[in-house]
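Hi,

Here is the structure I promised to pass on. Have a look first, and my notes follow below.

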Amino acid sequence: MEKKEKKFIHIVRMTIRHPEKVNKPINPLIKKPDWIRSKLINSQEFFLTKSIVNQHKLRTVCQEANCPNITDCWSKRHSTFLIMGEVCTRACAFCDVITGKPKQLDSLEPVKISSAVKKLNLKHAVITSVDRDDLDDGGANHFYEVIIETRKNNPETTIEVLTPDFLRKGDSYKKIIEAKPDVFNHNIETVPSNYRQVRPGSRYLSSLELLKNVKKIDKNIFTKSGLMVGLGENKDEILQVMDDLRSAEVDFLTIGQYLQPSVKHHPLDRYYRPEEFEELEGVAKSKGFFLVSSSPLTRSSYHAGEDFAKLQRNKINQINA
Ligand code: SF4
């Protein structure tokens, strides 16, 4: 393809997906190191997952956020459902999900998710959403409906939600706690000094407060949060985030490499080496998290089912210790 043609396609894609980023400066992409390569698995299970997602007309964050683990996860029938549409009302500088004005909620979505979970025979289902600042409750009631309906048809399946921050939505998040998900995940994403640039529509302390309140209200729900590295943070700041999350009694921490989706997204500062992830994992464990997953390709929903089983085991071991 000609250089000019490529540039034109890129501008069209950006205008459609991220209108707010069109006038942003160009941040050249940095070549990925060897340890970032995603696995190429061409399995029947992958295509089965794909067909079930398509048949139910569902969205997944695996596709919408261009996740590098998609072939690996879908080959194990694990996909993370994206509810409340594919258009997000925030414009985070790191994220590849489409930004704009979302459509009305699909009242049949809880039934569709529940049916897809059954067809995929999932032991552990992960459900996330775009930010819906346009809704009075931020979408908390819709999350509630999805959890209840999914559990009704899949009583043995454990449910993990990865939610927005419900900023300026009062107590609406409590509706989700009422539905008793097994894991309540909310990603802190980055260190506080990066928030203005990376997560301009969000507030570090509000995200922490949400996690803290979930645990305060229901101690039986595991809480989880994720941090990306490579956005220009320093080590002290990472350690401070770990301490803040522990103060909020967060059980499970995930740490993964930020991958810059396009030249108009937040610039990548650097790729962390695998041994740096191991070191961060060791430090986080010493701070008392029940579980820590830290590697270049760790994402908050990567290996979520296996990790949930480990979380349960670790909790039992700690109680018996
Ligand atoms: S890591 Fe999460 S978002 Fe990525 S493919 Fe796996 S399930 Fe999907």
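Helices (H or I, at least four residues) and strands (E, at least two) are DSSP runs, numbered from the N terminus. Bear in mind that this is a predicted model, where local features need pLDDT of at least 70, side-chain atom pairs count only at pLDDT 80 or more, and totals for chains, interfaces and linings use all residues. Residues are numbered from 1 along each chain as its sequence is written.

Helix 6 first. It covers residues 140–153, and its 14 residues should span 20 Å at 1.5 Å a residue; the end C-alpha atoms are 21 Å apart, which agrees. For burial, I call a residue buried if 20 or more other C-beta atoms lie within 10 Å of its own, exposed if 12 or fewer, and partly exposed in between, with C-beta atoms placed from the backbone. By that count, the buried residues of helix 6 are A140, H142, F143, Y144, V146, I147, E149, T150 and R151. Their cover includes strand 2 (80–83), helix 5 (109–120), strand 5 (124–129), strand 6 (158–162) and helix 7 (174–178), taking contact as C-beta atoms, placed from the backbone, within 7 Å. E145 also sits in helix 6, but it is partly exposed because it has 19 other C-beta atoms within 10 Å.

Two strands pair if DSSP finds at least two bridges between them. Eight strands make an open sheet with mixed pairing, in the order 1-2-5-6-7-8-9-10. Strand 1 (59–60) and strand 10 are the edges, each pairing on one side only.

Strand 9 (residues 252–257) is worth a look: six of its six residues are buried, so it is largely enclosed by the rest of the structure. F252, T254 and G256 point one way, while L253, I255 and Q257 point the other. Strand 8 (residues 222–229) pairs with strand 9 in the parallel sense over six bridges. V229 has Q257 as its bridge partner, and the chain gets from strand 8 to strand 9 through helix 10 (residues 235–247) in a right-handed β-α-β crossover. Right-handed here means that, with the strands pointing away from the viewer, the path from the first strand over the helix to the second runs clockwise.

Strand 9 also runs parallel to strand 10 (residues 291–294), joined by four bridges. T254 is partnered with S293 there, and the link through helix 11 (residues 274–286) is again a right-handed β-α-β crossover.

Cheers

Technical notes: Expected span 1.5 Å × (residues − 1). Contact = placed C-beta atoms within 7 Å.
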